[in-house]
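I set down here what I looked up in this structure, entry by entry. The entries go from confidence to chains, then to domains, sheets and single residues.

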Amino acid sequence: MANFKGADILSTKTLSKGEILRIMEVANDMLPFARKEKRSNLLEGKILASLFFEPSTRTRLSFETAMNRLGGKVITISGSEGTSMVKGETIEDTAKMVEQYADVIAIRHGQMGAPAIMADNADIPVLSGGDGAGEHPTQGLLDLFTILHEKGRFDAMKITIVGDLKHGRTVHSLSYLLSNYDVELNYVSPKALALPEKVTKFLDERGANYKEMESLEEGLEGADILYMTRVQKERFEDPEEGKRLQDTYVLNREMIERINPNVVVMHPLPRVNEISTDVDDLPTAAYFRQAGNGVAVRMALLALVLGKA
Amino acid sequence: MANFKGADILSTKTLSKGEILRIMEVANDMLPFARKEKRSNLLEGKILASLFFEPSTRTRLSFETAMNRLGGKVITISGSEGTSMVKGETIEDTAKMVEQYADVIAIRHGQMGAPAIMADNADIPVLSGGDGAGEHPTQGLLDLFTILHEKGRFDAMKITIVGDLKHGRTVHSLSYLLSNYDVELNYVSPKALALPEKVTKFLDERGANYKEMESLEEGLEGADILYMTRVQKERFEDPEEGKRLQDTYVLNREMIERINPNVVVMHPLPRVNEISTDVDDLPTAAYFRQAGNGVAVRMALLALVLGKA
Amino acid sequence: MANFKGADILSTKTLSKGEILRIMEVANDMLPFARKEKRSNLLEGKILASLFFEPSTRTRLSFETAMNRLGGKVITISGSEGTSMVKGETIEDTAKMVEQYADVIAIRHGQMGAPAIMADNADIPVLSGGDGAGEHPTQGLLDLFTILHEKGRFDAMKITIVGDLKHGRTVHSLSYLLSNYDVELNYVSPKALALPEKVTKFLDERGANYKEMESLEEGLEGADILYMTRVQKERFEDPEEGKRLQDTYVLNREMIERINPNVVVMHPLPRVNEISTDVDDLPTAAYFRQAGNGVAVRMALLALVLGKA
């Protein structure tokens with residue numbers, strides 16, 4: 001992938017430390033543009049095909065903002081409309097058509113592996129915006145970028161990740177990235193929603209230092225970063241059990257102040273009730289800054305794969 | 001609000017005469033750009049988040065045209081897709097995320113007050129594109145601008161407003177604006193669809209000169225402006241009564257020529273059957289010009305709140 | 001139509017040979033921009049209203065790419081959302097509003113004749129993107145452009161068109177165009193899906209040289225161009241008959257190599273199963289190039305009707 005030109009971003013598993021560092025550096029350079037402090041025409045004349053076959057206004061708007069702020073243009077497929085496009089057409093054929101139109105593709109798809117199929121068939125770079133129960137690599141990268149910005153380093157840190165670790169593709173992509181560094185990982189979830197074997201196996205192969213636990217308070221204690229995600233009660237066979245656990249994993253200001261006042265709180269958003277709004281005003285509540293960092297990281301990825309960084 | 005930079009436009013109630021005049025002046029300066037006679041890059045580098053959680057292609061396209069013709073860019077959420085964005089996410093959180101992406105927000109939302117909540121939580125200006133049974137301030141302003149352009153003044157005029165005055169948020173926003181001027185207002189509607197108390201109370205407090213009546217012909221007589229809106233027959237308990245009134249409030253060319261040939265006819269559109277198409281060719285049929293004026297007024301508002309007017 | 005400025009493109013029936021040639025020439029000039037080799041700002045300051053009241057991401061993205069790559073901007077209505085726009089509003093009124101916003105309209109509509117109504121009522125040029133069982137003129141023109149590029153000529157050729165010739169508006173628009181040239185046309189379809197009388201009558205009036213047949217192999221033999229479309233089995237009363245015919249009209253590599261290795265294969269896309277993927281790698285498989293040509297042809301049409309070619 002060397003200089004990234006023409007590369008696809010489909011997984012965080014295969015990124016080397018050098019590649020990750022390069023993305024972080026370019027994202028840092030992009031911050032003034034993402035923050036509206038400076039203007040750029042770096043990608044003038046380029047078109048992003050923003051193909052969101054599953055609704056995801058959040059990730060879609062972030063990609064489109066990144067492209068627009070670098071002077072590029074966007075063509076969009078969004079949500080249910082996308083279904084009709086693929087109706088009776090293979091992803092392979094869609095890829096071969098869209099490459100005629102755009103310079104780069106961002107794709108969200110309900111089917112795991114769909115972005116990889118698109119990348120195999122399109123002659124232009126493909127950035128995955130999430131695929132079913134697979135990965136969400138650009139989210140993982142913006143999470144990592146946020147950790148770097150909040151704490152100034154990746155190494156020698158304790159990072160606790162909470163919630164639905166089984167289905168959370170964001171958690172998976174971030175975990176693969178963190179396995180490159182000297183960090184202590186704590187995974188907090190009900191047993192039924194623990195990390196899937198594909199992730200623990202990868203962490204084991206990398207010799208990652210991680211623990212699994214069920215107590216949010218235990219995970220909070222001593223953590224540098226607390227990464228919250230949602231526990232969906234509808235995933236439990238016993239609704240009472242689901243309800244109980246959903247309420248167990250609710251972070252509030254009192255808990256933070258009592259157990260670990262310096263912890264940086266992150267969340268991929270949207271939040272439902274797993275972080276009380278009384279946390280929002282803490283200077284260490286980083287989740288909205290995290291959303292802003294997403295624009296810078298996606299600017300970096302667009303510029304890199306288009307050979308313009 | 002002084003110079004409008006950073007201001008939100010959520011209601012026409014709170015605009016002073018000086019502020020209204022300023023908007024009218026800037027909108028007038030924008031006419032050559034709205035009419036495609038001149039090009040502008042005034043808002044180059046700026047992004048409008050066009051968030052239409054309720055479908056409203058008309059207002060949405062008008063805002064997006066205004067932004068595009070001033071050299072800005074647009075990111076869009078439209079219609080049912082919007083529902084999924086807010087599913088489980090508060091408007092407060094949506095605001096805090098979108099402010100990371102865009103420079104200004106235009107929002108249409110089914111829930112009354114939603115634009116105000118967004119404005120309270122976003123650090124960027126918010127322009128309401130209509131909220132449930134609340135207001136539609138940019139429509140009110142473009143209506144006022146149209147009156148000014150058609151008649152050359154606001155004062156010393158008789159203005160008749162017809163139709164569903166109870167639910168018509170457009171009518172409410174325009175009425176608040178007109179209460180600043182020396183005009184005679186006639187409101188024509190069936191009793192069941194008369195102006196709600198919140199509007200009559202406001203008009204009374206301002207000492208506005210207005211009358212309520214049921215006859216379209218009576219309202220037409222002597223009016224300088226006839227502002228038509230739709231009577232929806234499904235709003236009546238007795239369908240026969242609804243049908244009768246719907247047919248009562250149909251303006252045609254014969255009526256105009258017989259009663260008041262000089263009256264300027266306006267309508268916020270879309271029209272159903274309340275203005276016969278034989279009115280369209282009259283030089284005083286202003287409703288399509290009114291739609292065009294909407295682009296100039298929204299250009300003015302975008303430029304003003306972005307500090308670029 | 002002379003120089004095309006201000007013209008509408010609603011049908012291929014009425015285009016003269018001179019006009020067709022002009023479109024082909026300008027499309028040829030546009031190829032470097034469509035192929036991303038050069039950049040252009042030819043249509044800077046212009047806005048395309050991309051009104052797709054029926055979902056058609058393919059044609060829509062092609063039009064929007066063409067506009068964007070020439071430096072123009074786009075406002076979009078897409079799919080089901082479009083329904084709400086026209087709910088209770090006539091196409092006439094929609095036309096009179098959109099002309100206030102945009103410089104040119106591309107419209108797809110389920111109702112045959114809708115683009116013509118829009119063109120009659122809008123003071124800006126209208127390009128049809130397909131109307132019900134009517135025409136699809138820009139597809140016909142890009143098909144013709146592809147034939148010219150693949151074979152270097154229109155004349156002295158045998159062209160075979162296969163599939164649902166009854167409902168295929170693409171087939172109709174292309175047939176009208178081909179009737180201008182000295183070509184031998186073979187139409188292959190089940191009897192139930194043969195060319196409708198409106199097309200055969202037009203071909204007869206023009207004195208076109210055409211044959212109708214039921215065998216794909218017979219049509220393939222000696223053809224310079226094989227234009228495949230889909231046979232929809234659900235159109236048959238007897239499902240068995242539908243299934244049998246659908247499988248009859250499947251082109252694969254073995255057939256091509258056995259019967260006619262030099263034939264150029266075209267398809268308007270999306271493909272379902274009527275061309276085996278083992279055909280894709282043949283240098284004479286032109287269907288993805290055809291999609292790319294669509295951008296150049298739509299660039300040409302946009303530039304011509306806006307008086308910028």
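**Confidence**

I began with chain A, whose mean pLDDT is 93, with 97% of its residues at 70 or more. The model is a predicted one, and I noted its scores as ipTM 0.95 and pTM 0.96.

**Relation of the chains**

I asked next what rotation superposes chain B on chain A. I found a rotation of 120 degrees with 0.0 Å of shift along its axis, and an RMSD of 0.1 Å. I recorded this as the relation of a three-fold axis. I then laid chain B on chain C, which takes a turn of 120 degrees and a shift of 0.1 Å along the axis, with an RMSD of 0.0 Å.

**Chain B against chain C**

I looked up the contact between chains B and C, and found 21 residues of chain B in contact with 16 residues of chain C. On chain B, helices α2 (57-69) and α12 (287-305) each supply at least two residues of the side that touches chain C. Which element gives the most to this side? I found that α2(B) does, with 8 residues. By class, I listed the residues of this side of chain B as 8 nonpolar, 7 polar and 6 charged.

**Chain B against chain A**

I turned to the contact of chain B with chain A, which takes 16 residues from chain B and 21 residues from chain A. I recorded its classes as 6 nonpolar, 4 polar and 6 charged residues.

**Domains of chain A**

I consulted the domain assignment of chain A, which gives domain 1 (17-135 + 294-305) and domain 2 (138-290). The centres of these two domains of chain A, taken over C-alpha atoms, are separated by 26 Å. I noted that 16 residues from domain 1 of chain A and 13 residues from domain 2 of chain A take part in the contact.

Which elements give two or more residues to the side of domain 1 of chain A that touches domain 2 of chain A? I found α1 (17-34), β4 (126-131) and α12 (287-305) of chain A. Helix α1(A) provides the largest share of this side, 5 residues. I sorted the residues of this side of domain 1 of chain A into 8 nonpolar, 4 polar and 4 charged.

**Sheet of four strands in chain B**

I traced an open sheet of 4 strands in chain B, in the order β2-β1-β3-β4 with parallel pairing. Strands β2 and β4 (126-131) of chain B are its edge strands, each pairing on one side only. I noted an average twist of 10 degrees from one strand to the next.

Within this sheet I followed β3 (residues 104-109) of chain B, which runs parallel to β4(B) and is joined to it by 4 bridges. One residue I looked up there was B:Ile105, whose bridge partner in β4(B) is B:Val126. I also found that α4(B) lies across β1 (47-52), β2 and β3 of chain B, running at about 150 degrees to β1(B).

**Sheet of five strands in chain C**

I traced an open sheet of 5 strands in chain C, in the order β7-β6-β5-β8-β9, again with parallel pairing. Why is one side of β7 (209-213) and of β9 (264-266) of chain C left without a neighbour in the sheet? Both stand at the edges and each has a single partner strand, so one side of each lacks a neighbour. In this sheet the twist averages 20 degrees from one strand to the next.

I found 5 bridges joining β6 (residues 183-188) of chain C to β7(C), the two strands running parallel. For C:Leu185, I noted C:Tyr210 as the bridge partner in β7(C).

**Backbone exceptions**

I reminded myself that most residues other than glycine have a negative phi, and that most peptide bonds are trans. Against this, I found that the peptide bond from B:Leu269 to B:Pro270 is cis, with omega near 0 degrees. I placed B:Pro270 in the loop between β9 (264-266) and α12 of chain B. In chain C, a cis peptide bond joins C:Leu269 and C:Pro270, with omega about 0 degrees. I located C:Pro270 in the loop between β9 and α12 (287-305) of chain C.

Last, I looked up C:Phe4, a residue other than glycine with a positive phi, near 75 degrees. I found C:Phe4 in the segment before α1 (17-34) of chain C.

Note on methods:
Residues numbered from 1 in each chain as written. Chains lettered and ligands numbered in written order. Predicted model: local features only at pLDDT ≥ 70, side-chain atom pairs only at ≥ 80, totals over all residues. Contact = placed C-beta atoms within 7 Å. Nonpolar A, V, L, I, M, F, W, Y, C, P; charged D, E, K, R; others polar. Pairing = 2+ DSSP bridges. Axes fitted to C-alpha atoms, helices over the stretch in contact; angles between N-to-C directions. Domains from an automatic or database assignment. pLDDT = per-residue confidence, 0-100. Least-squares fit on C-alpha atoms with pLDDT ≥ 70 in both.
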